[in-house]
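Hi everyone, thanks for coming. Have the sequence and the picture open while I talk, and stop me whenever you get lost.

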Amino acid sequence: MHSLVNVQRVLEDLQQSHLLQFWDELNEEERKQFLHQLTSIKLEEVNDLFERAQASLTEDVQKLDGRMKPIPPKQFESEKKVSAQVLEDYRRNGLEAVSNGEVAVLLLAGGQGTRLGVDYPKGMYSVGLPSGKTLFQVQAERIKRVISLAKQQTGRTGKICWYIMTSGPTNHTTSKYLKKNNYFGLNEEDVVLFQQGLLPCYDFEGKIFLDEKKSVALAPDGNGGIYRALEKNGILEDMGRRGVKYVHVHSVDNILTKVGDPVFIGYCIKKEADCGAKVVSKAGPTEAVGVVCLVDERFQVVEYSEITEATANLRDTDGNLVFSAGNICNHFFTTDFLNRIVNEFESKLKLHVAKKKIPYVNECGERIKPTEPNGMKIEKFVFDVFQFANKFVTWEVPRTSEFSALKNADNAGKDCPSTARRDLLNLHKSYIKQAGGDVTCDEVEISPLLSYAGENLEFKAAGKVFDTKTVIYSDEELLINGFSNGTKNSC
């Protein structure tokens, strides 16, 4: 551990000595913990971090219209527009990689359910499905199903390691929840939790805030903290030991995510991409999702606020939006690319700054809760590495089958539990109809362990009418739960 003298010297050089102004008032244990926190922050970088953050604030004012181009056709394909044979080839490529143990899933799960009105990790949230399954359970079971599909195709039992990036507030609760539920059928050794990092909070002059006399004010470093966290926690080394070559990264709050999607992974492998993004066609020019496009000939995500209304409304000769590739935080990376990001580019990632009301301890030792923004929180975004890719591709998927965000409480009326539940159950209704069944109510759910994307349903759905709240389970679940047929009425 660094000595107090060394820390004092570094803080003096950085003009951050005020952080130790209450040192004499702390007891021995508080001093030990505070010193540990200070040395874990990478103090040598704090001034550079602030200067880059300030620069990004001025950059954000400039509109990007004149520097933007849409995704070139050779780096864009759409699920709706490719042939069934091409789709099947991609799927087989992806399942082959799963059987070889070359695929991992990395879940971005650092967020708490504050906007949902709960005080626990968002992944533990239930939107009220007939089965009562949470986001974590649905996503874990999709991983199990992909492994099963890969075995059906190749005869080999592959592995998908489930890496989960948590945060300080969510790590312990997430770990306890998964363990209590036996990792929802996944092998414990194939579920690896690690924490994203924290960055200091600054006032507008570049001084770091004290949260208490014994601690610095810190905030999570955003989903772009994944890259530093991969290195700090030895995750890339772990992937190397396991033989992982391809990583599917997605956020926890999209209930329709095809976790470990073999089609997307197979597409990226076929195109020899080191980085890929799933996109959906924007619902309209003003939809508040970032757009994947070229800026100065490099790929990036451009937010609606960074372009003029005229550019957002541009349409091609067919009447489609020119900039329509909506980003949904669903990405493919090779492990070689991730290693290159960590070793060469992590320190160059763009910083995104929010002016916030940050509680702090003033010079008199009083904790102040400001009523106006008084400082800056800094974060990084996962997609800001697109520009460093040697071969970047995009894969457009239907919104109805792959994107329904869960961000708000029900009173918001959109991106909320009600809409997430509705969208998933509507998708399942379409699967049942494709399999020859009929659904006359709005509460029929298909277990992910039975069907990943509508397959394997004919023997449980064909010729049947589902007119009451029902869960269609896999045979495995039926044995465990003691049900005698393929469904359970949940009324």
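Let's start with Asp423: is it buried or exposed? Asp423 has a relative accessibility of 18%, and the cut-off for buried is under 20%, so Asp423 counts as buried. Please keep in mind that this is a predicted model. You can find Asp423 in helix 13, which covers residues 417-434.

What does the side chain of Asp423 make polar contacts with? One partner is the side chain of Ser404, at 2.7 Å. Another is the side chain of Arg422, at 2.9 Å. If we leave out residues up to four places away in sequence, Asp423 touches Leu256, Thr400 and Ser404. Ser404 therefore turns up both as a polar partner and in that list of touching residues.

Now let's move to the nonpolar core. The largest one has 44 residues, and the ones with the most contacts inside it are Phe136, Ile143, Trp162, Leu178 and Trp395. Several helices and strands give two or more residues to this core, among them helix 4 (84-99), helix 5 (135-154), helix 9 (262-270) and strand 20 (392-396). Which element gives the most? That is helix 5, with seven residues.

Let's zoom in on Ile143. Setting aside residues up to four places away in sequence, Ile143 touches Val105, Ile160, Trp162, Leu186 and Val259.

Next, how do the helices pack? Two packed helices are described by the angle between their axes and the distance between the axes. For helix 4 and helix 5, the angle is about 100° and the axes are 8 Å apart. That angle makes helix 4 roughly perpendicular to helix 5. On the helix 4 side, the contact is made by Arg92, Leu95, Glu96, Val98 and Ser99. Helix 5 brings Val146, Ile147, Leu149, Ala150, Lys151, Gln153 and Thr154. Sorted by class, the contact has six nonpolar, three polar and three charged residues.

Helix 4 also meets helix 9. Here the axes come within 7 Å and cross at roughly 95°, which makes helix 4 roughly perpendicular to helix 9. Among the residues making this contact are Leu87, Tyr90 and Leu95 of helix 4, and Pro262, Ile265 and Tyr267 of helix 9. By class, this contact has nine nonpolar, three polar and two charged residues.

Let's stay with helix 9 for a moment. Why do we call helix 9 largely enclosed by the rest of the structure? Because seven of its nine residues are buried. Those are Pro262, Val263, Phe264, Ile265, Gly266, Tyr267 and Cys268. At the start of helix 9, a side-chain oxygen of Asp261 reaches to within 3.0 Å of the backbone nitrogen of Val263. Just after helix 9, Glu272 takes a positive phi of about 55°.

Helix 11, residues 335-345, has buried residues as well: Thr335, Phe337, Leu338, Arg340, Ile341, Val342 and Phe345. What do they pack against? Their neighbours are helix 7 (226-232), helix 8 (235-242), strand 11 (246-251), strand 12 (275-281) and strand 15.

Last stop: two loop residues. Asn181 lies in the loop between helix 6 and strand 5 (191-195). Asn181 has a relative accessible area of 29%, so it is partly exposed. A polar atom of the Asn181 side chain lies 2.9 Å from the backbone oxygen of Tyr177. Asn181 and Gln137 are 44 residues apart in sequence, yet their C-alpha atoms are 8.9 Å apart in space.

The other one is Ala462, in the loop between helix 14 (458-461) and strand 23 (465-466). With 41% relative accessibility, Ala462 counts as partly exposed. Ala462 and Lys433 are 29 residues apart in sequence and 8.2 Å apart in space, C-alpha to C-alpha. Which residues is Ala462 in contact with, leaving aside its neighbours within four places in sequence? They are Ala435, Gly436, Gly437 and Leu457.

That's my tour, and I'm happy to go back to any part of it.

Definitions and conventions. Residues are numbered from 1 along each chain as its sequence is written. This is a predicted model: local features need pLDDT of at least 70, side-chain atom pairs count only at pLDDT 80 or more; totals for chains, interfaces and linings use all residues. Side-chain values use heavy atoms; hydrogens and water are left out. A nonpolar core is a set of buried Ala, Val, Leu, Ile, Met, Phe, Trp, Tyr and Cys residues joined through side-chain atoms within 4.5 Å. Buried means under 20% relative accessible area, exposed over 50%, partly exposed in between (1.4 Å probe, protein chains only). Helices (H or I, at least four residues) and strands (E, at least two) are DSSP runs, numbered from the N terminus. Contact means heavy atoms within 4.5 Å. Axes are lines fitted to C-alpha atoms, for helices over the stretch in contact, and angles run from 0 to 180 degrees between N-to-C directions. Angles under 35 degrees count as roughly parallel, over 145 as roughly antiparallel, 65 to 115 as roughly perpendicular and the rest as oblique. Ala, Val, Leu, Ile, Met, Phe, Trp, Tyr, Cys and Pro count as nonpolar, Asp, Glu, Lys and Arg as charged, and the others, Gly among them, as polar. A polar contact is a pair of N or O atoms within 3.5 Å; within protein, one must be able to donate a hydrogen and the other to accept it, and residues adjacent in sequence count only if both atoms are side-chain atoms.
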